[in-house]
Amino acid sequence: MATPLKRQFEVQQGTVIKKGTCSGCKKPVKLKVASSQVVYYHCPHCDEDAEPCGHHERWGHVDSLKMRHAWMIANGKIAAVKVPKDEAANLNRPPIRAVETPKPEPKPEPKKVSDYDEYGL
Ligand SMILES: [Zn+2]
């Protein structure tokens with residue numbers, strides 16, 4: 001069975017893994033990891049009338065996984081592995097040669113006809 005996304009690149013709960021901007025008041029917020037390993041924030045800022053913004057946002061498991069992964073690489077917890085696009089994922093088999101499609105035969109040039117041929121002149 002595949003490892004659930006929340007069990008991949010686990011980060012300690014409460015870790016600030018990114019700085020973002022509140023969607024509500026556009027002030028900077030800290031993105032933290034919840035116990036469920038999803039990334040979230042609760043905006044702590046207030047407006048000029050001291051009314052709390054209170055905006056909060058939570059990302060899904062896929063986006064949270066990408067952010068935790070990026071944070072781990074940035075903090076040296078894991079090494080970044082780049083797989084070249086050209087390289088085959090399965091190196092145990094010989095590379096498959098691209099199938100060449102045969103080029104269509106060039107059509108013979110149509111005979112030069114005079115503008116009056118269709119009239120039999
Ligand atoms: Zn806010």
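This is a predicted model: local features need pLDDT of at least 70, side-chain atom pairs count only at pLDDT 80 or more; totals for chains, interfaces and linings use all residues.
1. Overall make-up. The secondary structure of the protein amounts to one helix and four strands, and when these are read along the sequence they give the pattern β-β-β-β-α. Of the 121 residues, 8% count as buried. Among contacts between residues at least 6 apart in sequence, 35% join residues at least 24 apart.

2. The E1–E2 hairpin. Strand E1, residues 16-21, runs antiparallel to strand E2, and five bridges join the two. Together E1 and E2 form a hairpin with six residues between them, and in that turn Lys26 has a positive phi of about 65°. One of the residue pairings that can be looked up in the model is that of Gly20, whose bridge partner in E2 is Val29.

3. Pro28. This residue is found in strand E2, which covers residues 28-33. Is Pro28 buried or exposed? Pro28 is exposed, because 11 other C-beta atoms lie within 10 Å, and a residue with 12 or fewer is classed as exposed. The C-alpha atom of Pro28 is separated by 9.5 Å from that of Pro44, a residue 16 places away along the chain.

4. Geometry of helix H1. The helix spans residues 61-74, which makes 14 residues, and from its first C-alpha to its last it reaches 20 Å, close to the 20 Å expected at 1.5 Å a residue. Just after H1, Gly76 takes a positive phi of about 70°.

5. Which residues of H1 are buried? They are Ser64, Leu65, Arg68 and Trp71. Seen down the axis of H1, these buried residues fall within an arc of 130°, so they line one face of the helix. On the other side of H1, Val62 and Ala74 are exposed.

Conventions:
Residues are numbered from 1 along each chain as its sequence is written. A residue is buried if 20 or more other C-beta atoms lie within 10 Å of its own, exposed if 12 or fewer, and partly exposed in between; C-beta atoms are placed from the backbone. Two strands pair if DSSP finds at least two bridges between them. The expected span of a helix is 1.5 Å times one less than its number of residues. The arc is that of the directions from the helix axis to the C-beta atoms. Two residues are in contact if their C-beta atoms, placed from the backbone, lie within 7 Å.
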